[in-house]
Number of protein chains: 6
Amino acid sequence: LRLSKRFAFSASHRLHSGRLSDQENRRLFGKCNNPFGHGHNYVLEVSVSGPPDPRTGMVVPRSQLDAVVEHAVLADLDHANLNQDLPEFNNVVPTTENLALFIDRRLRHSWQERFGNGPVRLEKIRIEETPRNSFEVVSEPT
Amino acid sequence: LRLSKRFAFSASHRLHSGRLSDQENRRLFGKCNNPFGHGHNYVLEVSVSGPPDPRTGMVVPRSQLDAVVEHAVLADLDHANLNQDLPEFNNVVPTTENLALFIDRRLRHSWQERFGNGPVRLEKIRIEETPRNSFEVVSEPT
Amino acid sequence: LRLSKRFAFSASHRLHSGRLSDQENRRLFGKCNNPFGHGHNYVLEVSVSGPPDPRTGMVVPRSQLDAVVEHAVLADLDHANLNQDLPEFNNVVPTTENLALFIDRRLRHSWQERFGNGPVRLEKIRIEETPRNSFEVVSEPT
Amino acid sequence: LRLSKRFAFSASHRLHSGRLSDQENRRLFGKCNNPFGHGHNYVLEVSVSGPPDPRTGMVVPRSQLDAVVEHAVLADLDHANLNQDLPEFNNVVPTTENLALFIDRRLRHSWQERFGNGPVRLEKIRIEETPRNSFEVVSEPT
Amino acid sequence: LRLSKRFAFSASHRLHSGRLSDQENRRLFGKCNNPFGHGHNYVLEVSVSGPPDPRTGMVVPRSQLDAVVEHAVLADLDHANLNQDLPEFNNVVPTTENLALFIDRRLRHSWQERFGNGPVRLEKIRIEETPRNSFEVVSEPT
Amino acid sequence: LRLSKRFAFSASHRLHSGRLSDQENRRLFGKCNNPFGHGHNYVLEVSVSGPPDPRTGMVVPRSQLDAVVEHAVLADLDHANLNQDLPEFNNVVPTTENLALFIDRRLRHSWQERFGNGPVRLEKIRIEETPRNSFEVVSEPT
C-alpha cells in the first residue's frame, strides 16, 4: 500500500554551470541563464509504502509525514533562491534534476532518523517544475 | 500496454478506532474524528494491462470495464456513509488506506468472476481522497 | 483590481427537505437523500476588490484575508456534517445553493466587522461542490 | 462573444517596500521578503471580445493575439527577475497586484497600436500567481 | 445565485472558409485547415441564475438541467464531425466562436420551451476548445 | 532519475474495424463508430531516465527531447485525421491503444537514431485520450 502526498513551494533559481563558458551557458540554458534568475511554483509528491497500522488504519499519521517534509525540505526551500540560499548549489547547477536528488537525500536522511528501519519505507519522490515537466527519484535505502 | 480509467464518487466517513480511547482518537485524527462525519469527492483510477485484441484494437471494451467497476465499487460506495452503509467498516476504521484495500479486494473478485484467467489483468488501483493525497494498491492474483 | 483566493474544506451533508414527503425526497434528491449522508471536497473562492495600497502594493494582506475566511467559514465548516453541526441547516436543506448563501452572509458580516466601509470590498464568492458543479453569489453591501 | 487565451511564464520577485522599515517588511511580507527572491509559474489569461469576422469565423486570428501578448508581455517577463530586469519595479513593489496593473497597461497600449478602435476590444486580464491566488483587471479604454 | 455545470463532449472539425481561396485558408488556419479534420475534447459550462426554490433548496433540479443540455446540445454534438454532421456548419466555418453561438441559440430555445419565463434564467455559456482557449457567450432573452 | 515531459496534440479518428460487420462495429464502438469521425485533445507524456550530466546538471537538454518528440510524433499527428493521414491506420483501428503502440515504436526508433546506446534511456510513454482515460507503454530496447 503506497501513500503519496503533495506539497507546494515557490523558489527561484538561475541555471549557470561553472564548467561551461558564458556563451555555452547561454546556448544551453537560454532564458534560464538570465543572471538575475527566475522562479517556479514547485510541487513535490512524496510516496511512502507499508502496511496500515491495525490500530489506526493508517500507513503513517499525516502529521508525522508533514513534519518530516516540513523539516527536511520546505523549511529551507520554500521562498528560497536556490543558488544563493543553499550551500549545496554553490558548485552544482540547480536544475530540477539536481534539486530532486538533493530533496531525496535530505528526506531519506530525515526518514531514517525519525522512522529507522520501521515497516514504512520512503519509496520515491516526484517534483514538478511546471505542469509540463516532472522529475522522479526512486529512493534506495541509506 | 496498460489502460487506466478514472471514476468519481462522493462519500462520507468518520475516523474513529475502537481500539483507542476517545482522547487518543481526538489526538490522532483531529477534525476527522468529528462524531457526525465529513466527506470527500474520491477519485478512483483503475489500471488493467494486456495486449490489444487484434479484432477490436482494445485491451478491453470500455463498457465492460465500466460495468465491473460500477457493480463492484460504485453501486455501494457512491453517496454512501462508509461507517454506516458498509458492514466492512463496522470494526475497521474507514481511512482511505483501508478503503483502498477494500476496493482492491472487491475489484479483484469481480474481475476474476468476469474475466477469469484471460489475458487482461487487473494491475493496480489508485484512489485520491483529495487532490493532495492518494493511495495505491498493486493487485496480486487471487 | 480584483483578488481571488481559493480555500478547500471537506464536509458531509444529506439532502432531505422537511417540506416534502419521503417519496418526493427520494425522487428529487436520489442518492443524495441517503439517510447517513455523503460528502464532498468543497473549494471556496473568495473575491475582493479595491485599489492596491501604495505602501504595500497589496489590495489586502493575505494573512488578513485568510484570518477572516478562517474565522467566518472554515472554523465551522471544515470536517463538519452540515446537517448536524450547523444550527442554520436544521430547517434548511444543505444544498450547495443554500451553503453558498450561508457563507456569503457569514463573510459579509465578518468583512464589515473587520474592514468597515474601507476601500476594499467583498465582491463575490464561488463554491465548487465537485469539479463539475459551482455556485456563485455576488455580494451586496449589508 | 468573449475569447480568452492562457499564457504561461516563469519569473522571480522579492516583496520589499522602500516605504517601510526592514522590520515592517519582514512582518508584512514574511518569507516573500527573502533578500534573494523566490519565484512562480504565472498563468496569464487575456480576454478580448467582439463579433466573429463573417469571413473567418474568428473574433481575432490566434496568431495575431499571440503576437501582441508575446511582444507586450512575455518577451520582457518570461524568465525575468521582476525587481532587477524591469525598471517599472525599481520603486514599485512587484506584488502580483502591481504586476497585473503593469501587464494591463502594456497590453492596452499594444492592442491600441495594433487594432486601434476596431470592433475587437481588450476586455480583461487575469493572472494566477499560484493555483490558489488570482488577480483580475478589467480594462478600460485608453 | 448562479449555478454553473460542466459537460464534456468530443468532436472533430475542419476550419475552411468558402469565402477565402485555398491559399488564404491555409495561411489563416494553418494545420486546422487539414482536409481530413482534427478534433478536440470540448468542455461546455452552462450557467443559470435564480433564487433557490424554498421547498427543494435548489435553483433547478440537476436532472432537469442535464436533460435540457443533453437534448439541445450533447445528443447532436458528442462524437460528431461538426462540418459533416450538422447542417448549420455547411456554410459556416465551425470555429469555436461559431460553435459557441450555435450552442447558445440551441440552449436558449430549449430553455424557453422547458422553463418559459420562470424565475430561472439561462445566463451564459462558456466553451473550452483546449485547456488554453475558451469562448463565452452571455445569453440574451429570446 | 526519471524526467517526464508532457506534449499536447489534437487529432480526429473513427473507430471501425474491417474484421467486424457494420452492426458489430456499431454495437462495440457506439458513437465512436460515427462515419465522419470525432476528435480529442491528446496529451502525451514521455519519460526518459538516466544520470544528470555533471557539466549541465540535466539528464537531457530540453531542446533535444523536444526535437525528437516533434520529429517522431507531433509533426505527423498534430491536427491529423488518424484514419486518413497515417498509412499505419489503414488496416489498424486507431484506438488509443494502437496509437500508443505506434507512438512508442516511432519514438524508440528516433531515440535510437539520435542517442544510440547512450546513458539516457526512453523509459515509457503515457497518452491521455481524455482526462478520464490514459494508456501507458513501457518501452523495451530495440
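This is a predicted model: local features need pLDDT of at least 70, side-chain atom pairs count only at pLDDT 80 or more; totals for chains, interfaces and linings use all residues.
The relation between chain A and chain D is considered first. Two copies of a chain are, in general, related by a rotation about an axis and a shift along it. In the present model, chain A is superposed on chain D by a rotation of 180 degrees, with a shift of 0.0 Å along the axis and an RMSD of 0.0 Å. The two copies are therefore related as by a two-fold rotation axis. The interface residues follow this relation, since 100% of those of chain A are also interface residues in chain D, so that the copies meet through the same surface.

In this interface, 22 residues of chain A are in contact with 22 residues of chain D. The size of an interface is often given as the accessible area lost when the parts come together. For chain A and chain D the area buried between them is about 1700 Å², of which 47% lies on carbon and sulfur atoms. On the side of chain A, the residues that lose the most area to chain D are Phe36(A), Asn41(A) and His79(A), which together account for 37% of what that side buries.

Of the side of chain A that touches chain D, E2(A) gives the most, with four residues.

His79(A), already named among the residues that lose the most area to chain D, lies in the loop between helix H2 (62–77) and E3 of chain A. Its backbone has a positive phi of about 60 degrees, although His79(A) is not a glycine. With a relative accessibility of 14%, His79(A) counts as buried, the cut-off for this class being under 20%. In chain C, His79(C) is found in the loop between H2 and strand E3 (80–81), and its phi is likewise positive, near 60 degrees, in a residue other than glycine. His79(C) is buried, with a relative accessible area of 15%.

Not every pair of chains is in contact. No contact joins chain B and chain E, the closest C-alpha atoms of which lie 15 Å apart. Chain D and chain F are also without a contact, and their closest C-alpha atoms lie 15 Å apart.

In chain A, H4 (residues 96–115) has 20 residues and reaches 27 Å from its first C-alpha to its last, close to the 28 Å expected at 1.5 Å a residue. The buried residues of H4(A) include Leu99(A), Phe102(A), Ile103(A), Leu107(A), Trp111(A) and Phe115(A), but also Glu97(A), Asn98(A) and Asp104(A). Just after H4(A) comes Gly116(A), which takes a positive phi of about 50 degrees. In chain F, helix H4 (residues 96–115) likewise has 20 residues and a span of 27 Å between its first and last C-alpha atoms, close to the expected 28 Å. Among the buried residues of H4(F) are Thr96(F), Ala100(F), Ser110(F) and Trp111(F), and the helix is followed by Gly116(F), whose phi is positive, near 55 degrees.

Two further loop residues have contacts that extend to chain D. Val59(C), placed in the loop between strand E2 (38–49) and helix H2 (62–77) of chain C, counts as buried at 7% relative accessibility. Beyond residues up to four places away in sequence, Val59(C) touches several residues of chain C, including Leu1(C), Leu3(C), Val48(C) and Val120(C), as well as Glu97(D). The C-alpha atoms of Val59(C) and Glu70(C), 11 residues apart along the chain, are separated by 19 Å. Ser17(E) is placed in the loop between strand E1 (2–13) and helix H1 (22–29) of chain E, and at 2% relative accessibility Ser17(E) counts as buried. The side chain of Ser17(E) reaches the backbone oxygen of Arg55(D) at 2.6 Å. Apart from neighbours within four places in sequence, Ser17(E) is in contact with Arg55(D), Asn25(E), Phe29(E) and Val93(E).

Note on methods
Residues are numbered from 1 along each chain as its sequence is written. Chains are lettered from A and ligands numbered from 1 in the order in which they are written. Side-chain values use heavy atoms; hydrogens and water are left out. Helices (H or I, at least four residues) and strands (E, at least two) are DSSP runs, numbered from the N terminus. The expected span of a helix is 1.5 Å times one less than its number of residues. Buried means under 20% relative accessible area, exposed over 50%, partly exposed in between (1.4 Å probe, protein chains only). Contact means heavy atoms within 4.5 Å. Copies are superposed by least squares on the C-alpha atoms of residues with pLDDT of at least 70 in both. Buried area is the accessible area (1.4 Å probe) that two parts lose on being put together, summed over both. A polar contact is a pair of N or O atoms within 3.5 Å; within protein, one must be able to donate a hydrogen and the other to accept it, and residues adjacent in sequence count only if both atoms are side-chain atoms.
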